Amino acid sequence: MSSSTLKRWLRPEVYPLFAALGVAVGICGMQLVRNISGNPEVRVTKENRAAGVLDNFAEGERYAEHSLRKFVRNKSPEIMPNVNSFFADPK
């Protein structure tokens, strides 16, 4: 790589763009691995594909009710509940 190309692309102004793209690629990769390894509708091996349609509701429920969904289920849908209650609740 020539030095002019490095000077053009490795400037400090470009670092946030690289970081945002890195996070987006990481999220896509994480979702891809999650679907391949845990989704009950994805069959990677030939033996599993030959089995046809399986009515395995427990496996589907385990996939759908992941830990993040269980964590936020009983939380209030507010980003800053203390600030909202400070300005909204009459005292």
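Before I count anything, helices here are DSSP runs of H or I with at least four residues, strands are DSSP runs of E with at least two, and both are numbered from the N terminus. What we are looking at is a predicted model, in which local features need pLDDT of at least 70 and side-chain atom pairs count only at pLDDT 80 or more, while totals for chains, interfaces and linings use all residues. Residues are numbered from 1 along each chain as its sequence is written, and side-chain values use heavy atoms, with hydrogens and water left out.

Let me start with the overall picture. The chain has 6 helices and 0 strands, and reading along the sequence gives the pattern α-α-α-α-α-α. The radius of gyration, which is taken over C-alpha atoms, is 23 Å, well over the 12 Å from the globule rule for 91 residues, so the chain is more spread out than a compact globule; the rule itself is 2.2 Å times the number of residues to the power 0.38. Along the principal axes, the C-alpha trace spans about 65 × 55 × 15 Å.

How much of such a chain is buried? If we take buried as under 20% relative accessible area, exposed as over 50%, and partly exposed as in between, with a 1.4 Å probe and protein chains only, then 4% of the 91 residues count as buried. The accessible surface, from the Shrake-Rupley method with a 1.4 Å probe and, for residues, with only the protein chains shown counting as cover, comes to about 8,400 Å², and 63% of that belongs to carbon and sulfur atoms.

Now to the loop between α2 (15-38) and α3 (46-50), where we find Asn-39. Asn-39 counts as buried, at 17% relative accessibility. Which residues does Asn-39 touch, leaving aside its neighbours within four places in sequence? With contact meaning heavy atoms within 4.5 Å, the partners of Asn-39 are Arg-34 and Tyr-63. Those two partners are also related to one another, in that Arg-34 lies over the face of Tyr-63, 4.2 Å from the ring centre. The criterion for a charge over a ring is that NZ of Lys or CZ of Arg is within 6 Å of the ring centre and within 35 degrees of the ring normal. Lys-75 also has its charged end over a ring, that of Phe-71, at 4.7 Å from the centre.

Thr-45 belongs to the loop between α2 and α3 as well, and is partly exposed at 37% relative accessible area.

Turning to charged pairs, the whole structure holds 2 salt bridges, where a salt bridge is a side-chain nitrogen of Lys or Arg within 4 Å of a carboxyl oxygen of Asp or Glu. Glu-13 and Arg-11 form one of them, at 3.6 Å from N to O; here Glu-13 is exposed at 58% relative accessibility, whereas Arg-11 is partly exposed at 45%. Glu-65 and Arg-73 form another, at 2.3 Å from N to O, and Arg-73 is partly exposed with a relative accessible area of 47%.

That leaves the aromatic rings. Rings of Phe, Tyr and Trp (its six-membered ring) pair if their centres lie within 6.5 Å, and planes under 30 degrees apart count as stacked, over 60 as edge-to-face and the rest as tilted. The count by this rule is 1 aromatic pair. Phe-86 and Phe-87 have ring centres 5.0 Å apart and planes at 80 degrees, so the pair is edge-to-face. Both Phe-86 and Phe-87 are exposed.

I will finish with two helical residues. Phe-57, in helix α4 (residues 57-64), is exposed at 66% relative accessibility, and from Phe-57 to Gln-31, 26 residues away in sequence, the C-alpha to C-alpha distance is 21 Å.
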